[in-house]
Amino acid sequence: MSDTVLIELAATIRARRSAPAEASYTRSLLDAGIARCAKKFGEEAVETVMAAVGQDEDALKGEAADALFHLLVLLESRNVAIEDVLAV
């Protein structure tokens, strides 16, 4: 996966801010605030760790994808651009 994919996903997440809340899981997370976004990312990070030590490779890939998505949602909730993170 290249940086471009993360940038495109971050742009999609940013666009979800204006989607109808009832039609967008991402919007519902953003509307719930930073604490909810952080909690959800934490849950996904723990699930990723558990998959890494106890499950097959496909489970780890799925949980890692969830963790990446929720990290991008958390960054968006704080108005932190993925480009700024990648620059670090």
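**Questions on a predicted model**

Reply: Glu-44 has its place in helix α3, which covers residues 34–54. Since this is a predicted model, every value that follows is computed from predicted coordinates.

Me: Is Glu-44 buried or exposed?

Reply: The relative accessible area of Glu-44 is 5%. Buried means under 20% relative accessible area, and therefore the state of Glu-44 is buried.

Me: How far apart are the C-alpha atoms of Ala-45 and Glu-63?

Reply: Ala-45 also belongs to helix α3, and with a relative accessible area of 27% it is partly exposed. Along the chain, Ala-45 and Glu-63 are 18 residues apart, while the separation of their C-alpha atoms is 7.9 Å.

Me: Which element gives the most residues to the largest nonpolar core?

Reply: The largest nonpolar core has 12 residues, among them Leu-6, Ile-13, Leu-29, Cys-37, Phe-69 and Ile-82. Two or more residues of this core come from each of α1 (3–15), α2 (25–32) and α4 (57–77). With 5 residues, the element that gives the most to this core is α4.

Me: Which residues does Cys-37 touch, not counting residues up to four places away in sequence?

Reply: Cys-37 is found in helix α3 and, at 2% relative accessibility, it counts as buried. It is also listed in the largest nonpolar core, together with residues including Leu-30 and Val-73. Not counting residues up to four places away in sequence, Cys-37 touches Leu-29, Leu-30, Val-73, Leu-74 and Ser-77.

Me: How far apart are the end C-alpha atoms of α4?

Reply: At 1.5 Å a residue, the 21 residues of α4 should span 30 Å. The model agrees with this expectation, because the end C-alpha atoms of α4 are separated by 30 Å.

Me: At the start of α4, which residue's backbone nitrogen does a side-chain oxygen of Asp-56 reach?

Reply: The helix α4 covers residues 57–77, and the contact in question is placed at its start. There, to within 3.2 Å, a side-chain oxygen of Asp-56 reaches the backbone nitrogen of a residue, namely Asp-58.

Me: Which residues does Glu-76 touch, not counting residues up to four places away in sequence?

Reply: Glu-76 is found in helix α4, where the buried residues include Glu-63, His-70, Glu-76 and Ser-77. The relative accessible area of Glu-76 is 8%, so it is buried. Not counting residues up to four places away in sequence, the residues touched by Glu-76 are Ile-13, Arg-14, Arg-17 and Leu-30.

Me: Which residues is Arg-16 in contact with, leaving aside its neighbours within four places in sequence?

Reply: Arg-16 is found in the loop between α1 and α2, and with a relative accessible area of 35% it is partly exposed. Leaving aside its neighbours within four places in sequence, Arg-16 is in contact with Ser-24, Thr-26 and Arg-27.

Me: What is the radius of gyration of the protein chain?

Reply: The protein chain has 5 helices and 0 strands, and its elements run α-α-α-α-α from the N terminus on. For 88 residues the globule rule gives 12 Å, and the chain is as compact as a globular protein of that length, because its radius of gyration is close to that value, at 13 Å.

Me: What share of the residues in the protein chain is buried?

Reply: The C-alpha atoms of the protein chain fill a box of roughly 40 × 30 × 20 Å, taken along the principal axes. Its accessible surface comes to about 5500 Å², with 58% belonging to carbon and sulfur atoms. Of the 88 residues in the protein chain, the buried share is 27%.

Technical notes: Residues are numbered from 1 along each chain as its sequence is written. This is a predicted model: local features need pLDDT of at least 70, side-chain atom pairs count only at pLDDT 80 or more; totals for chains, interfaces and linings use all residues. Side-chain values use heavy atoms; hydrogens and water are left out. Helices (H or I, at least four residues) and strands (E, at least two) are DSSP runs, numbered from the N terminus. Buried means under 20% relative accessible area, exposed over 50%, partly exposed in between (1.4 Å probe, protein chains only). A nonpolar core is a set of buried Ala, Val, Leu, Ile, Met, Phe, Trp, Tyr and Cys residues joined through side-chain atoms within 4.5 Å. The expected span of a helix is 1.5 Å times one less than its number of residues. A polar contact is a pair of N or O atoms within 3.5 Å; within protein, one must be able to donate a hydrogen and the other to accept it, and residues adjacent in sequence count only if both atoms are side-chain atoms. Contact means heavy atoms within 4.5 Å. The radius of gyration is taken over C-alpha atoms; the globule rule is 2.2 Å times the number of residues to the power 0.38. Accessible areas come from the Shrake-Rupley method with a 1.4 Å probe; for residues, only the protein chains shown count as cover.
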